[in-house]
Amino acid sequence: MALSSIENIFLQARETSQEDIDRICSGILENLYDPEKSGECMNQLRKLYLIIHASSTQPCLTKNLVGTMVNMVEAMDPGKTKECLLCQKILTGILPGDEKDLGMETGIKNNATEAANCALIYLIQGDKEKCWTCLLPKIEKWLSSQNIEFDVQSKLLSFLIAISLEHQSMLQKGQIESVNAYVCDVLVKASLKQAPNPYTINPFKKEQTMVTEVDGTPSRNIFTVLNIGQYYTEDQMMNIFCFSTLYKWIYNCSKEEGRETAKTIFHNLVGKTIDYCFRILDQCERKPKIPSDVELQNSCLLETINLLDLVCKIDEGQVARVYQEIRRQHNRLLQDFSKTRLIIPVLQFFLNHSRTVAHDPHDVFRQYFHKSLSWGFTDTAIAFDTVIFILDNLETLCDDNTILSNHFPNIFKILAWNPRSFVSEFCEILPALMSPTSSIEIFHILLDLPCITICLDVIEKCNTEDVATVPETEPNSSMEAYQHPFYRPMFLFFTRSEGGQGDTINRFLVKMQLEKDKLEKSESGLAAFHKILEDYCLHPRVVVCSQVVPALLRIWFEVILEEASTDFVSHLLPVLIERCGLLYNILEFKADVKRLISQYFVKLLKKHPTILLDQQSDILDFLMTPANITNREDFFANMVWGVGEYCSTTNDERCTTENIRRFFEVLEALTYELSGMIASTTTSSVSHAKITCMLMSTLAKLSTRCQDLIPRAILCCTKVARQQEQGYLDTNSQETIINRAQELTNILKVPNFAATALNPSSDIFTGRWHQDSSSLPTILRGVYQIISTE
């Protein structure tokens with residue numbers, strides 16, 4: 001109901017005619033300066049503001065009204081503050097525009113207060129009439145005079161910072177130096193005495209009290225943002241404001257300048273900034289008198305470290321002086337877990353400046369990514385800052401140290417705990433985590449990411465809840481499994497902090513399984529672990545995590561396709577065979593992952609066909625067992641197809657007759673066994689028929705490369721066809737197998753033709769076979785036409 005009312009209001013505003021707008025403008029002009037009609041004027045201003053922001057086209061306001069509103073904003077009458085602010089909002093809605101058409105004059109004001117009040121209008125209107133060019137020298141002069149109020153100074157300085165953000169070239173070197181000198185004075189010359197209470201009139205003058213430190217002691221050093229007072233003087237307020245905007249001012253004005261030029265321009269300000277920051281670092285070590293001031297200290301410490309990092313980039317001569325202080329702060333922060341988030345800017349400082357002082361920061365990074373992050377990943381702020389830090393420094397982290405390749409398990413905990421929040425970021429980070437030594441372990445982590453989420457959640461609950469220790473009986477839930485002496489090492493393995501473990505995770509767990517007689521020997525350790533975690537399969541965090549895996553897995557495979565060597569892919573193949581059937585039991589997750597593994601296996605085999613002989617024993621072990629077909633039909637079928645397609649001397653000179661015969665014999669036995677199973681049972685699936693057809697095609701291809709095997713291939717195809725004529729397959733599958741067997745039998749009866757037809761040249765992929773007059777298809781078409789005409 002409320003939403004429909006709001007929509008009706010916006011619809012009415014959008015449909016307001018120009019006549020109605022003119023009527024509203026006239027009413028505003030009539031009532032604006034009439035104190036008795038202040039409420040009516042406010043309603044008209046609100047209505048005009050709504051019309052401007054709801055309309056798809058810009059309404060036309062009278063020139064007289066625009067000029068009046070500009071005058072209102074300039075004056076900013078304390079008695080009409082609301083009207084002035086609404087006028088300012090309306091003007092920002094119609095700008096930028098041609099000043100003559102609008103009827104407004106934003107010409108240069110000779111009064112600092114008026115210029116400050118119009119600063120926002122100047123920014124939006126732009127420099128069309130050289131407004132900024134003329135205004136900047138005046139602002140420089142006004143700031144240097146220091147005879148203007150805090151509110152005016154802050155607005156003018158904000159205007160300069162906004163100009164420096166997008167139009168830094170408009171600021172001349174002398175103007176920047178003048179503002180720098182002004183900021184230096186504000187930072188170091190603020191009063192240490194509190195302002196008097198502005199709400200009382202005391203005829204007896206008392207001596208002004210000093211501002212205090214955060215611990216309550218009187219301040220004896222320069223005033224900073226961390227000094228506490230009941231009331232602040234204007235110079236103290238400007239000190240706080242300058243510190244808050246100092247980073248943006250220095251960064252914006254120096255980013256397009258060369259290092260030497262920036263060093264010259266900001267020389268004085270860099271020194272004063274460092275002194276001011278050191279003073280804040282000293283104040284941050286004091287224990288606050290009021291507990292809530294801890295947050296103020298943390299915020300100031302964060303800004304201070306960022307400022308020191310920036311000024312050291314401008315003047316490398318200051319790095320040695322600052323570096324020691326930052327190291328001291330780092331050691332202090334390590335002792336307080338509540339300040340872990342503040343370590344991130346320290347890491348950034350070390351990353352940017354460690355080379356200048358010839359210091360290896362590896363231990364600092366290891367401390368954070370190994371220890372701090374092992375528990376800090378549950379803190380949303382720490383997780384976010386860590387991910388952003390990695391993204392901002394991907395190239396440096398990859399080039400300078402091995403942090404990412406060593407501590408990726410802890411980094412992946414962030415994703416496992418926050419799967420909705422960091423998907424796009426990890427899609428960018430993942431290639432940087434991969435290296436020849438870590439990629440296979442990362443592959444395992446990606447496949448086990450839902451399990452990692454479960455383990456983290458179980459450990460978190462066990463640490464925060466009182467969970468009774470269960471006896472050494474078979475656990476019935478994940479919580480009980482964590483307390484079990486057999487499963488506890490698995491939980492610790494999945495939540496490890498450092499890489500270099502688990503190249504083939506199932507083999508690791510099988511060793512543990514052999515120590516537990518109660519587990520069936522036919523069930524692998526990882527499969528048993530998956531089974532014990534099934535009570536979490538519908539947990540929202542686990543489900544979302546499982547949906548993230550395919551996107552990351554696709555990126556992982558693309559990197560491998562582009563970067564990996566043949567030796568690496570050869571080592572990867574047994575892992576693909578192993579893990580294709582070992583996945584956590586979420587149906588959509590398993591289907592997506594199996595499909596990706598099957599698809600990319602074909603692509604990897606096409607690029608690196610020699611892996612067939614490199615891993616011949618593992619492939620033959622996999623293919624000789626029909627039970628391996630279950631739950632990985634596509635992968636098994638692609639494996640059979642790959643043997644037939646790439647097991648030839650064309651792809652690998654080592655592919656001798658003996659190797660071909662070895663593959664042939666294993667596939668022949670499998671074909672007979674699978675065909676017999678299909679013919680004798682009523683539960684065979686369409687995938688079995690597909691694999692049978694692929695087996696026969698592969699046998700035919702292999703036999704053409706070792707022609708002594710052709711009779712055996714013909715015999716095998718013939719027997720399969722006869723078996724299926726009396727089998728229980730559906731009609732379509734049955735016809736498919738029989739037709740394929742007959743086709744292959746007929747082709748193999750002409751060995752020379754079979755060798756060409758079943759092993760086509762690579763020219764078939766380039767289109768030459770369909771264009772060259774000497775190609776086989778062209779010749780066959782010509783022969784066919786001759787025969788048909790006769």
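Buried here means under 20% relative accessible area, exposed means over 50%, and partly exposed lies in between, with a 1.4 Å probe and protein chains only as cover. The model is predicted, so that local features need pLDDT of at least 70 and side-chain atom pairs count only at pLDDT 80 or more, while totals for chains, interfaces and linings use all residues. Residues are numbered from 1 along each chain as its sequence is written, and side-chain values use heavy atoms, with hydrogens and water left out.

**View 1. The cysteine C184 and its closest cysteine partner, C242.** C184 is buried, with a relative accessible area of 8%. Its sulfur lies 9.9 Å from the closest cysteine sulfur, that of C242, which is too far for a bond; a disulfide is counted when a pair of cysteine sulfur atoms is within 2.5 Å. The structure holds zero disulfides.

**View 2. The cysteine C545, with C451 as the closest cysteine.** The relative accessible area of C545 is 0%, and the residue is therefore buried. Between the sulfur of C545 and that of C451 the distance is 9.4 Å, again too far for a bond.

**View 3. Helix α25, residues 449-464.** Helices are DSSP runs of H or I with at least four residues, strands are runs of E with at least two, and both are numbered from the N terminus. The end C-alpha atoms of α25 are 23 Å apart, in agreement with the 22 Å that its 16 residues should span at 1.5 Å a residue, where the expected span is 1.5 Å times one less than the number of residues. Twelve of the 16 residues of α25 are buried, among them C451, C455 and C462.

**View 4. Helix α37, residues 686-705.** From its first C-alpha to its last, this helix of 20 residues reaches 30 Å, close to the 28 Å expected at 1.5 Å a residue. The helix α37 is mostly covered, with 16 of its 20 residues buried.

**View 5. A nonpolar surface patch made by V750, F753 and L780.** The patch has an area of about 260 Å², with accessible areas taken from the Shrake-Rupley method with a 1.4 Å probe and, for residues, only the protein chains shown counting as cover. F753 sits in helix α40 (residues 751-758) and, at 39% relative accessibility, counts as partly exposed.

Definitions and conventions: Patches are made of residues with over 30% relative accessible area and no salt bridge: like charges are joined within 9 Å, nonpolar side chains (Val, Leu, Ile, Met, Phe, Trp, Tyr) within 5 Å. A salt bridge is a side-chain nitrogen of Lys or Arg within 4 Å of a carboxyl oxygen of Asp or Glu.
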